[in-house]
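Dear colleague,

Please find below the structure I promised to pass on to you. My notes on it follow directly after.

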Amino acid sequence: MSDELNYVDWFRHSSPYINAHRGKTLVILIPGEAFESPNFSNIIHDLALLDSLGIRLVLVQGARPQINRALAERDLPSQIEDGYRVTPQDHLIDIIQASAAVRVQLEAQLSMGLSNTPMANAGLKVCSGNYVVAKPLGVVDGIDYGHSGEVRRIDRDAIFRLLEDDNMVLLPHLGFSPTGEVFNLKAEDVATQAAIQLKADKLIIFTEDEGIFDAKDELYSELLAHHADTILAQDSLNAITRDALEACLMAVRAAVPRAHIISYNENGGLLSELFTREGSGTMIDEDSYEKLRIATIDDVGGMMHLLAPLEAKGILVRRSRELLENEIERFLVIERDGAIVACAALYPFEQEGAGELACMAVSPEYRGSNRGERLLKGIEHEAKRLGLDTLFLLTTRTAHWFVERGFRETTLSSLPAKKQVLYNYQRNSKIFAKQLP
């Protein structure tokens with residue numbers, strides 16, 4: 001029964017994300033390595049689920065290891081320069097055949113409809129064609145890249161028509177020129193340009209790793225663009241992960257709202273990244289997708305859900321819905337994907353030049369990531385905007401946290417007269433104050 005309840009709870013919490021993604025366009029890069037992962041069939045099942053939820057999918061298919069093997073079988077060297085494969089004329093047929101084999105494998109997997117499997121009655125329609133117009137890389141620093149090319153444009157109109165007809169679109173790493181030539185493209189470039197030119201809502205890249213890790217080997221769940229620049233400058237990533245991060249960074253800087261790096265080896269990694277707050281990989285964003293803002297009446301329900309456990313424990317004073325609605329303009333909230341994960345209120349006493357910091361709460365799931373700091377800075381900024389020079393608070397349980405941030409214990413007599421009258425001796429709260437710079 002506990003497993004069933006956990007599933008129901010997960011499903012309920014995922015529903016806002018399901019609604020948010022319906023009708024959105026996702027470009028997903030599936031590298032050749034993913035096709036050889038034991039988890040590949042689960043990825044196929046998850047793609048079928050996304051399609052059934054009304055999400056428009058553009059899949060970009062790579063074939064790096066398959067091409068390497070095909071060339072090795074004919075004793076042809078694999079030459080990579082600056083992240084691009086050199087493609088002489090006599091390599092091209094092997095590359096086309098290897099790519100075609102992977103494409104057929106993917107189409108076959110997406111065509112399954114066996115009973116008693118996640119693909120039962122899926123009825124997926126997958127379309128592929130000459131939707132990528134390419135041009136040659138040419139000669140760079142004295143190296144002739146032969147039939148290696150770069151994306152000139154994506155046939156947006158053709159792809160949109162297919163998506164609107166409930167088709168899944170498959171783009172191989174091969175492009176075609178107006179002169180009838182075939183070019184071997186970097187799959188990351190195809191995915192990036194597809195996401196940009198289609199104005200996709202997300203670019204998702206599968207890699208072997210779960211995402212990007214810091215120096216302590218801890219996964220970044222979110223990475224802002226400027227931080228990604230720093231990581232790339234350190235040159236600490238392997239070539240494949242570096243290509244993935246560079247592609248994501250280019251996409252978000254070209255107005256793709258979000259890009260994600262996730263592992264093709266993690267069962268359910270794609271669903272977890274899309275439909276849970278914590279995710280499973282690294283999301284790259286130009287700006288933080290958590291917003292610190294003034295609360296509105298629509299936030300009251302989320303705030304009550306956030307405050308209820310703390311009120312039940314006596315950490316916070318109980319506030320009714322009516323009271324929250326009447327005082328909503330006093331609150332700042334942190335919103336994460338439509339959910340209120342933190343809040344705090346400022347009650348000004350303008351004659352005394354003081355303000356009360358009250359009702360500060362951070363969801364247990366999101367503590368330890370400086371959200372309290374952001375709230376406090378937001379409240380201090382608002383207090384200074386109102387011309388206040390002192391911030392005070394009453395607390396029973398969190399004194400040390402505030403002391404570490406410049407608050408000092410003070411007396412009841414130091415509070416504004418109106419606040420002294422309202423002091424609850426039964427709670428016996430301690431009083432702290434801070435002079436604002």
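Glu382 and Arg385 are both in helix 12, three residues apart, which is about one turn of the helix. Their side chains form a salt bridge, with an N to O distance of 2.6 Å. Arg385 is exposed, its relative accessible area being 56%. Please bear in mind that this is a predicted model.

Helix 12, residues 371-385, also holds Glu373, while Arg405 lies in the loop between helix 13 (399-403) and strand 22 (408-410); the pair therefore ties together parts that are 32 residues apart in sequence. The salt bridge between the side chains of Arg405 and Glu373 has an N to O distance of 2.9 Å. Glu373 is partly exposed, at a relative accessible area of 25%.

A further pair is found in helix 8, where Arg242 and Glu246 are four residues apart, about one turn of the helix. The closest N and O atoms of this salt bridge are 3.3 Å apart. Both residues are partly exposed, Glu246 with a relative accessible area of 33% and Arg242 with 22%. Over the whole structure, the search finds 16 salt bridges.

Turning to the sheet, eight strands make up an open sheet with mixed pairing, in the order 5-10-2-1-13-15-16-14. Strand 5 (126-128) and strand 14 (222-224) stand at its edges; each has a single partner strand, so one side of each is left without a neighbour in the sheet. On average, neighbouring strands are turned by 20 degrees against each other, direction ignored. Strand 14 runs parallel to strand 16 (residues 282-285), and three bridges join the two. Within strand 16, Met283 is the bridge partner of Glu222.

Helix 6 (residues 187-197) packs on this sheet and touches strand 1 (25-30), strand 2 (56-61), strand 10 (168-172) and strand 13 (202-207). The direction of helix 6 makes about 180 degrees with that of strand 1.

The largest nonpolar core has 47 residues, and Val27, Ile159, Leu171 and Leu245 have the most contacts inside it. Helix 8 (residues 239-253) supplies the largest share of this core, seven residues. A second, separate core comprises 40 residues, including Ala34, Leu47, Leu59 and Phe275. Leaving aside residues up to four places away in sequence, Leu171 touches, among others, Val58, Leu59, Tyr131, Ile159 and Ala194.

With kind regards

How values were computed: Residues are numbered from 1 along each chain as its sequence is written. This is a predicted model: local features need pLDDT of at least 70, side-chain atom pairs count only at pLDDT 80 or more; totals for chains, interfaces and linings use all residues. Side-chain values use heavy atoms; hydrogens and water are left out. A nonpolar core is a set of buried Ala, Val, Leu, Ile, Met, Phe, Trp, Tyr and Cys residues joined through side-chain atoms within 4.5 Å. Buried means under 20% relative accessible area, exposed over 50%, partly exposed in between (1.4 Å probe, protein chains only). Contact means heavy atoms within 4.5 Å. Two strands pair if DSSP finds at least two bridges between them. Axes are lines fitted to C-alpha atoms, for helices over the stretch in contact, and angles run from 0 to 180 degrees between N-to-C directions. A salt bridge is a side-chain nitrogen of Lys or Arg within 4 Å of a carboxyl oxygen of Asp or Glu.
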